Every structure is written in structure tokens, then in C-alpha cells.
Amino acid sequence: MYLKSTIALFAACATLGASEISAIWPDGKMPGKATDQKEWSKVGDTWIGKKDKVLMIGNVSKPTIELFKADTKTPAGFVVICPGGGYGIVAYEHEGTEIAQWLNKQGVSAMVLKYRVPNNPEGALMDAQRAVRLARANAEKWNINPNKIAIMGFSAGANLCARASTQFDTQTYAPVDAADSLSPRPDFTGLISPAYCDKPGNDKRWKNKDLPPADTDYNTLYALAENLNITKNTPPAIIIQTQDDYYANAAIAYYLALK
């Protein structure tokens with residue numbers, strides 16, 4: 001319930017929209033690298049032992065967006081959703097399409113980004129920046145407000161959102177068309193149990209059930225990852241985290257840097 005109530009910052013009631021899937025890069029113009037392995041998808045248990053079966057997609061070399069348009073008379077708010085998966089797979093359903101469908105019911109349009117994996121954070125950032133730009137480029141067509149485009153993700157997907165929200169002034173690829181002349185800066189950021197936002201190694205100092213050692217240097221413990229450059233221009237954010245998450249320090253580090 002807490003997730004639904006906080007995401008409702010974007011909300012107003014509407015009916016469920018239909019989805020459309022499209023490539024985000026023109027043929028032959030995708031920048032960066034991609035795996036040469038065949039893409040796969042399967043329904044199975046997650047890496048955290050979740051009992052429910054979930055859809056996982058791996059070896060993504062052709063990133064796509066799946067668009068879910070809300071049925072609204074006035075331009076809707078918009079959310080780019082980045083599922084998690086440790087940059088190894090994309091947890092497409094329960095951290096992607098299910099969230100988009102719920103947002104549609106609140107009058108919010110959304111897209112689910114299937115970004116490049118595995119082990120391709122650079123390509124994933126290009127994909128995320130491109131997704132934000134495509135939303136702005138298609139604002140009139142999709143009936144969305146180009147000044148209310150949020151990006152929200154889960155775990156590694158949240159880390160991708162944090163990077164997109166702090167590296168928007170970095171040109172990660174050469175423009176491929178007119179859409180790339182638009183800003184990739186999100187207007188709002190949603191980080192749900194984010195990973196990798198603190199300096200590497202800080203999450204392995206002790207087990208989550210234990211208290212930090214008495215001589216802990218908290219300035220070091222909650223130091224922000226070096227690839228996250230938070231400034232006064234960084235979009236506002238909502239961060240949702242539980243204490244027993246292995247990567248809980250990542251959320252604290254990002255929060256403290258914003259503060």
C-alpha cells in the first residue's frame with residue numbers, strides 16, 4: 001500500500017490503457033555495445049527466493065519501450081519505468097508492466113524500458129536517456145505533459161534512474177535524430193530499494209541484522225557512489241527502502257547527498 005500511495009503523487013483517476021511496444025533506436029543507429037547472445041525470457045523464481053513466478057528477460061541487445069497510455073482528456077503525467085535485475089536480467093513484469101498498469105488506473109501514462117543487459121550499465125544509461133527524450137518528443141502524440149516526466153526504477157533499475165537523474169548533462173552518445181536534441185533530464189525520480197548508489201564495499205561491512213561497529217565512520221559509510229553527481233539541478237526524488245535490504249545504505253547515501 002505504501003508504494004501505491006506514494007506513486008499517487010502523479011495521480012488522477014482513469015481507465016486502463018492498452019500497450020504498444022517499439023524499438024527505441026533507429027535500425028543500425030544504436031550507439032554503444034550490446035551482447036551477441038540470443039535474447040531469452042522465462043517465468044521462474046527470482047534471485048531473492050520470491051514464491052511467485054515472475055517474468056525475467058536476459059541478453060537484451062535490442063532495447064524497447066512498451067507504452068501504456070492513460071485515458072485522460074488533459075495531458076497526463078508520465079513515468080519511465082526501469083525494472084530491476086542486477087544489470088544481469090530485466091524483471092519485466094512485477095517491476096515493469098504491473099506498475100505501468102497500476103499507474104494507468106491513476107490517470108498516469110507510462111512506459112516500461114527493456115534496457116540492455118547483461119553487464120552493460122553504459123548501454124543501459126544510453127537507453128534510459130533515449131527513453132526520456134522520446135517521451136518529450138512524443139508528448140503531443142501521447143497526450144502527456146513534457147514537463148512532468150518522471151523516471152522510476154527498482155534495485156539496479158533504480159540505480160539506472162539515479163544515474164539518469166545525475167548524468168543528464170553528460171552526452172553519453174552522439175545524436176541519432178531530432179529527439180536527441182531534447183533534454184534527457186527527468187523532472188522527478190522514484191528510487192525503490194535502489195542498489196549501487198553508495199561507494200562499493202560499504203554494503204558488505206556487516207550483516208544487515210547487526211549494528212555497525214562502534215568505530216564506524218559514517219561519512220565514509222554513506223558516501224555517494226562516484227558516478228552520481230548530485231547538484232542543485234538534480235531532480236527531486238522519493239526513495240522507498242526497508243531496513244533489511246542488503247543495499248539499504250545505497251538509499252541512505254542518495255538521500256543524504258540530496259539533503
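This is a predicted model: local features need pLDDT of at least 70, side-chain atom pairs count only at pLDDT 80 or more; totals for chains, interfaces and linings use all residues.
The protein chain comprises 7 helices and 10 strands. Of its 259 residues, 51% are buried. The accessible surface amounts to about 12800 Å², and carbon and sulfur atoms account for 51% of that area. Among contacts with a sequence separation of 6 or more, 79% link residues 24 or more positions apart.

The strands include those of an open sheet of 7 strands, arranged in the order E1-E4-E7-E5-E8-E9-E10 with mixed pairing. Strand E1 (19-23) and E10 each have a single partner strand and stand at the edges, so one side of each lacks a neighbour in the sheet. From one strand to the next, the twist averages 20°. Within this sheet, E5 and strand E8 (residues 144-154) run parallel and are joined by 6 bridges. One of the residues involved is alanine 76, whose bridge partner in E8 is isoleucine 144. Helix H3 lies across strand E4 (64-68), E5, strand E7 (109-114) and E8, and its direction is at about 155° to that of E8.

An open sheet of 3 strands is also present, with the order E2-E3-E6 and antiparallel pairing. Its edges are strand E2 (40-44) and strand E6 (89-91); each has a single partner strand, so one side of each is left without a neighbour in the sheet. Neighbouring strands of this sheet are turned against each other by 25° on average, direction ignored. Strand E3 (residues 54-58) pairs with E6 in the antiparallel sense over 3 bridges, and isoleucine 57 has valine 90 as its bridge partner in E6. Helix H2 (residues 93-105) packs on this sheet, where it touches E3 and E6 and makes an angle of about 40° with the direction of E6.

In soluble globular proteins, nonpolar side chains tend to be buried together. In the present model, the largest nonpolar core contains 64 residues, and the residues with the most contacts inside it are Phe78, Val80, Ile81 and Tyr115. Helix H3 (residues 121-137) supplies the largest share of this core, 8 residues. Isoleucine 81 belongs to strand E5 (residues 76-82) and is buried, with a relative accessible area of 0%. The contacts of isoleucine 81 include Glu95, Ile99, Leu103, Met111, Leu113, Met152 and Phe154. Although isoleucine 81 and glycine 153 are 72 residues apart in sequence, their C-alpha atoms are 5.6 Å apart in space.

Helix H7 (residues 248-258) has as its buried residues Ala248, Asn249, Ala250, Ala251, Ala253 and Tyr254. The elements covering them include helix H5 (156-166), strand E9 (188-192), helix H6 (218-221) and strand E10 (237-240).

A search of the whole structure for disulfides finds 0. For cysteine 161, the closest cysteine sulfur is that of cysteine 82, at 3.8 Å, which is too far for a bond. This separation is to be compared with the cut-off of 2.5 Å for a disulfide. Cysteine 161 is buried, at 0% relative accessibility. Cysteine 197 likewise takes part in no disulfide, and the nearest cysteine sulfur, that of cysteine 161, is 9.6 Å away. The relative accessible area of cysteine 197 is 0%, so this residue counts as buried.

Most residues other than glycine have a negative phi, and most peptide bonds are trans. Several backbone features of the model are noted against this background. Valine 117 and proline 118 are joined by a cis peptide bond, with omega of about 5°, and proline 118 lies in the loop between E7 and H3. Asparagine 59, in the loop between E3 and E4, has a positive phi of about 55° although it is not a glycine. With a relative accessible area of 15%, asparagine 59 is buried. Serine 193 is partly exposed, at 22% relative accessibility.

Notes:
Residues are numbered from 1 along each chain as its sequence is written. Side-chain values use heavy atoms; hydrogens and water are left out. Buried means under 20% relative accessible area, exposed over 50%, partly exposed in between (1.4 Å probe, protein chains only). Helices (H or I, at least four residues) and strands (E, at least two) are DSSP runs, numbered from the N terminus. Contact means heavy atoms within 4.5 Å. A nonpolar core is a set of buried Ala, Val, Leu, Ile, Met, Phe, Trp, Tyr and Cys residues joined through side-chain atoms within 4.5 Å. Two strands pair if DSSP finds at least two bridges between them. Axes are lines fitted to C-alpha atoms, for helices over the stretch in contact, and angles run from 0 to 180 degrees between N-to-C directions. Accessible areas come from the Shrake-Rupley method with a 1.4 Å probe; for residues, only the protein chains shown count as cover. Lists of a residue's contacts leave out its neighbours within four places in sequence.
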